[in-house]
Amino acid sequence: MKFTVITIAYNEEKNIAKTMQSVLGQDYDGLEYLIIDGGSSDNTVETAKKLAKESGRDVKIYSEPDFGIYNAMNRGITRASGDYVIFMNAGDSFYKDTILSDIAEQIQQNGKAVYYGQAYLMKNGRCVGKNTTKHKMLLKGKMPIHQSVASPLSLLKKYYFNETYKIRGDYDWILKCHKAGVKFVNMDFPVCSYDCSGLSARASAKKLLRQETLAIRRDIYPVIGRICEQLGM
């Protein structure tokens, strides 16, 4: 079984090394690693190329302007060849170097599904919390941290991310999977450390996050969406 790990980056020269070292340090051999850079003007690409060469791993680096994070993620999907895909964006990292092996074991036991685990929330190098959200909370507008999710490439290519959303395209995707009856498996162990300084985690983005969550839920589950909205959920 092959994993594709995709890192989205733009002017991330301060963070790209940490993320790449976390991915390239995995003890799992069946790894394809894609760096999708948005045309950085700093040394992000140069740093990535240096680390890729030193690793001897299957690393492909693409640098071109994009139209937002979900456009960049979709570009990664079209270039992926693994059975499962994990997005580990610049600044984020795997919890330990056996995570891909641990996920592969879960897949062998449970078959095709969307797999997810826990995420440590990091801010300025310090842990400020832990996300243990389960997929059963999706209709309440909550979801596992996307960096803790391993998705079948076939599902990502079936739906792709809706690029009209700025920060909740991942929620739209996973809710579509939920409605389609896709199997979800909670691995119930830490998968990643998530950088809370990202756009969707900022206090200034709370209003947009709420707006997009309501719009997505209304679109995919119209009746339930209206009920949840009336209940303030």
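In this predicted model, helix α1 (residues 16–24) packs against helix α2 (residues 44–55). Two packed helices are described by the angle between their axes and by the distance between the axes. Here the angle is about 25 degrees, and the axes lie 10 Å apart. Angles under 35 degrees count as roughly parallel, and α1 and α2 are therefore roughly parallel to each other. Their crossing is right-handed.

The contact draws on residues from both helices. On the α1 side, I16, A17, M20, Q21 and L24 take part. They meet T44, T47, A48, L51, A52 and S55 of α2. By class, seven residues in the contact of α1 with α2 are nonpolar and four are polar. No charged residue takes part.

Burial in α1 was examined next. The buried residues of this helix are I16, T19, M20, S22, V23 and L24. Helix α2 is among the elements that cover them. The cover also includes the strands β1, β2, β3 (58–63) and β5 (93–94). M20 is one of the buried residues of α1, and M20 also belongs to the α1 side of the helix contact. Beyond its neighbours within four places in sequence, M20 is in contact with Y33, I35, A48, L51 and A52.

In soluble globular proteins, nonpolar side chains tend to be buried together. The largest nonpolar core of this model has 38 residues. Within this core, F3, M20 and F94 touch the most other members. Several elements give two or more residues each to the core. The helices among them are α1, α2 and α4 (99–110). The strands are β1 (3–9), β2 (31–37), β4 (84–87), β6 (114–123) and β9 (184–195). Strand β9 supplies the largest share, six residues.

G141 is found between β7 (126–131) and β8 (149–152). Its relative accessibility is 14%. Buried means under 20%, so G141 counts as buried. Leaving aside neighbours within four places in sequence, G141 is in contact with R168, Y171, T213 and R217. G141 and R217 are 76 residues apart in sequence. In space, their C-alpha atoms are 7.7 Å apart.

Definitions and conventions. Residues numbered from 1 in each chain as written. Predicted model: local features only at pLDDT ≥ 70, side-chain atom pairs only at ≥ 80, totals over all residues. Heavy atoms only, no water. Axes fitted to C-alpha atoms, helices over the stretch in contact; angles between N-to-C directions. Helix = DSSP H or I, 4+ residues; strand = E, 2+ residues; numbered from the N terminus. Parallel < 35°, antiparallel > 145°, perpendicular 65-115°, else oblique. Left-handed = near helix turned anticlockwise from the far one by under 90°. Contact = heavy atoms within 4.5 Å. Nonpolar A, V, L, I, M, F, W, Y, C, P; charged D, E, K, R; others polar. Core = buried A, V, L, I, M, F, W, Y, C linked by side-chain atoms within 4.5 Å. Buried < 20%, exposed > 50% of the residue type's maximum accessible area, 1.4 Å probe, protein only.
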